[in-house]
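Work through the exercises below with the sequence and the model open. Try each task before reading its solution.

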Amino acid sequence: MSAIRPELFQSYSLETTAKDAAGFVHTRALMPEGVPVNIAFIGSETFDDRLTAIGTLRSCGASPRPIISARRLTSSDVLGSFLERAVAIGKVREIFLVGGDPSTPKGPFNDSMDIIRGGFLDPRIIETVGIAGYPEGHPRVDDDVLWGYLKLKVETLMRNGFNVEITTQLSFDPDAVVSWVERVRREGIHVPIRIGIPGPSTVGGILHFARQCRVGTSIQLLRRFGWQITSLLTEVGPDRFLASLIQETAQRDLGAMRLHIFPLGDLSRSINWFHEYEASHYS
């Protein structure tokens, strides 16, 4: 008899850059119809690049979900124009809001709450807004501030008529993730949560991506968390992390949870890994 398929596997999402979105053309047959795909907001990519990516993803049967970095926006007009064109080109109904990396805003928005409060989003057009969660904290923001803003964002968005979904930053510690989700629920936040996991990559690639995401990790920490590592060139996947996560979440009532996969540059390998893992455990 097959093992019970955990809720985590029922609908995964993916991440891409605008540049890498073209790769979805070659993986269309591997993906379920309507899979949500976050499009990273990278400073070296333009709004036209992102709009092209949105069109590509929609043509591939995916559901494009552009990430919008508040502090990188130069004006409210830029935001409005981008949203209007994203809806027209890719039928965008979901976006993902982040504050963004710049310490000094490039325009009028200090953080994503300025966009949420400012009336720039229409729930009749943008139905779902994603926000970030940080199971291992944030290197530049105190935990109390993170928790306060998480609750404020969820409450404000829901009060304004939006569906809300939280996607966690990349983490390598399943215990930290489960503890964080437990607290989210204790805080009275019951929206769906996507758990960010890395796709298969070399150890060097994972560490590089972790530094880009400002996630503190090292080979020693990865080994402590159960990742089998022999060198920086070793290719590893999140199999053991995922097995631990499934085991821990199965013992608790943590509400709606899904997976969000960061492909780390190799989309087809990540999608194939996911389906092979699912098939080998739950078919």
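A residue is called buried under 20% relative accessible area, exposed over 50%, and partly exposed in between, using a 1.4 Å probe and protein chains only. This is a predicted model in which local features need pLDDT of at least 70 and side-chain atom pairs count only at pLDDT 80 or more, while totals for chains, interfaces and linings use all residues. Residues are numbered from 1 along each chain as its sequence is written, and side-chain values use heavy atoms, with hydrogens and water left out.

**Exercise 1.** Locate Lys91 and decide whether Lys91 is buried or exposed.

Solution. Helices (H or I, at least four residues) and strands (E, at least two) are DSSP runs, numbered from the N terminus. Lys91 falls in the loop between α2 (76-90) and β4 (94-98). Its relative accessible area is 53%, so Lys91 is exposed. Now look at the backbone: phi of Lys91 is near 50°, a positive value in a residue other than glycine.

**Exercise 2.** Classify the aromatic pair of Phe109 and Phe120, then that of Trp147 and Trp180.

Solution. Rings of Phe, Tyr and Trp (its six-membered ring) pair if their centres lie within 6.5 Å; planes under 30 degrees apart count as stacked, over 60 as edge-to-face and the rest as tilted. The structure holds seven such pairs. Phe109 and Phe120 are 5.3 Å apart centre to centre with 90° between the planes, an edge-to-face pair. These two residues are eleven residues apart, Phe109 in the loop between β4 and α3 (112-117) and Phe120 in the loop between α3 and β5 (128-133). Phe109 is buried because its relative accessible area is 3%; Phe120, at 34%, is partly exposed. Trp147 and Trp180 form a tilted pair, 5.9 Å centre to centre with 35° between the planes. Trp147 is in helix α4 (residues 143-159) and Trp180 in helix α5 (residues 174-186), 33 residues apart. Both Trp147 and Trp180 are buried.
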